[in-house]
Amino acid sequence: MAENENGADKSEEPTEKRKRESREKGQIARSRDLSTVAVTLGGIGGLLISGGSLAQSLMAVMQGSFDLPREALLSQDAMPQMLLTAGLIALKATLPLLVMLLIASILGPIALGGWLFSGKSMAPNFGRMNPLSGLKRMFSTHALVELLKALGKFLVVLLVALAVLKAYEDDLLSIAKQPLELAIAHSAEVVGWCALWMACGLILIAAVDVPFQLWDNKQKLMMTKQEVKDEYKDSEGKPEVKGRIRQMQREMAQRRMMQAVPEADVIITNPTHFAVALKYDADKGNAPVLLAKGGDFLALKIREIGQEHRVMILESPALARAVYYSTEVEQEIPAGLYLAVAQVLAYVYQLRQYQSGRGKRPDPLRDLPIPPDLRRDE
């Protein structure tokens, strides 16, 4: 079982946050052997596809470079032109091979771990310059595995090379008896197939290295129980901090709510346990909106602010409880309370008219129509 630098067992699977941070730092599973195999096979594939034409083109360049007419030897402009022509022929001949190598060099690294560009991995790490850390890496388990892999690659390539040379012994000996042009083309073909079989030996090494790199990267990401707890606290927040934030949010919401009480048209009370402040904007034509609500001490503060700003306060226990439990602050009252609240607002309007001497005293409110599903008992 893996351990961290403090000796604690890394028994927990890495979290998504840990994986994401590791990827951002460029710490993902990579296999150099897989990249080497991809580039080698890409080069060999390109050589097998264009080996014959490549050999003929290069032979034509050699012949053209050494078989010069007399006019070319005496002309100062002939040599640059011949050099340009030879370069174009060589480029055209090697282009398929270069394209295959380019594709392989891109696909090889991203085959394991995907495409990743991380600026953090490119940043200088002065910790790697520490001699003690370097010695520790030299004598680590990872260094031992890399040494064994290097010896394994050497032995595999050596054995495959001997087997390939033995298999193509007759072809190699026959090249010496062939005409020059045929021998060059045959040599390119033999070299391509020999390299292909030798690269197949590297496939065996990559097949072992890829699972090891995946396992090794996972072991590096494994976490202790304490690390999982600390990450959860960092992501979710410590309970005391979250409680303090919620408290501050409630206090801010209450302050905003109290600041809106003076704008209310009416405050309906229980009369002691609940208080709700309502406002109706005739210009907007919407339903009345609940500006503030509270119970016990908060209800007392709402009534005090209302009295201070001369907001009409009415006692209607059933309506106060219905609004308190059915409506949130800054929301419209439910449709079932439209009629009851409309009667309250009409009463408030008539009472204000009477107090200003422009109307008669309205009758007291009695038995407001509150639907049974919105009624709440104490």
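This is a predicted model: local features need pLDDT of at least 70, side-chain atom pairs count only at pLDDT 80 or more; totals for chains, interfaces and linings use all residues.
The protein comprises 378 residues, of which 30% count as buried. Among contacts with a separation of 6 or more, 74% are accounted for by residues 24 or more positions apart.

Strand S1 (residues 266-269) pairs with two other strands. With S2 (residues 274-279), S1 forms four bridges in the antiparallel sense, and a hairpin of four residues connects S1 to S2. Within this pairing, Ile267 has Ala277 of S2 as its bridge partner. With S4 (residues 312-315), S1 again forms four bridges, here in the parallel sense; Thr269 is bridged to Glu315 of S4. The side chains of S1 are divided between two directions: Val266 and Ile268 point one way, Ile267 and Thr269 point the other way, and all are buried.

The largest nonpolar core holds 23 residues, and those touching the most other members are Val266, Ile268, Leu278, Leu319, Leu337 and Val344. Two or more residues are given to this core by each of S1, S2, S4, helix H13 (317-326) and helix H14 (338-355). H14 provides the largest share, namely seven residues. Beyond residues up to four places away in sequence, Val266 touches Val276, Ala277 and Leu278, together with Val311, Met312 and Leu314, and also Val344, Leu345 and Val348. A further core of 15 residues lies apart from the largest one, and its members include Ala260, Ile267, Ala277 and Ala292.

Leu291 is located in strand S3 (residues 289-295). The relative accessibility of Leu291 is 13%, and this residue therefore counts as buried, the cut-off being under 20%. When neighbours within four places in sequence are left aside, Leu291 is in contact with Met257, Ala260, Glu263, Ala264, Ala277, Lys279 and Val329. Leu291 and Leu278 are separated by 13 residues in sequence, and their C-alpha atoms are 5.7 Å apart in space. Leu278 is in turn one of the residues that touch the most other members of the largest nonpolar core.

Note on methods. Residues are numbered from 1 along each chain as its sequence is written. Side-chain values use heavy atoms; hydrogens and water are left out. Buried means under 20% relative accessible area, exposed over 50%, partly exposed in between (1.4 Å probe, protein chains only). Contact means heavy atoms within 4.5 Å. Two strands pair if DSSP finds at least two bridges between them. A nonpolar core is a set of buried Ala, Val, Leu, Ile, Met, Phe, Trp, Tyr and Cys residues joined through side-chain atoms within 4.5 Å.
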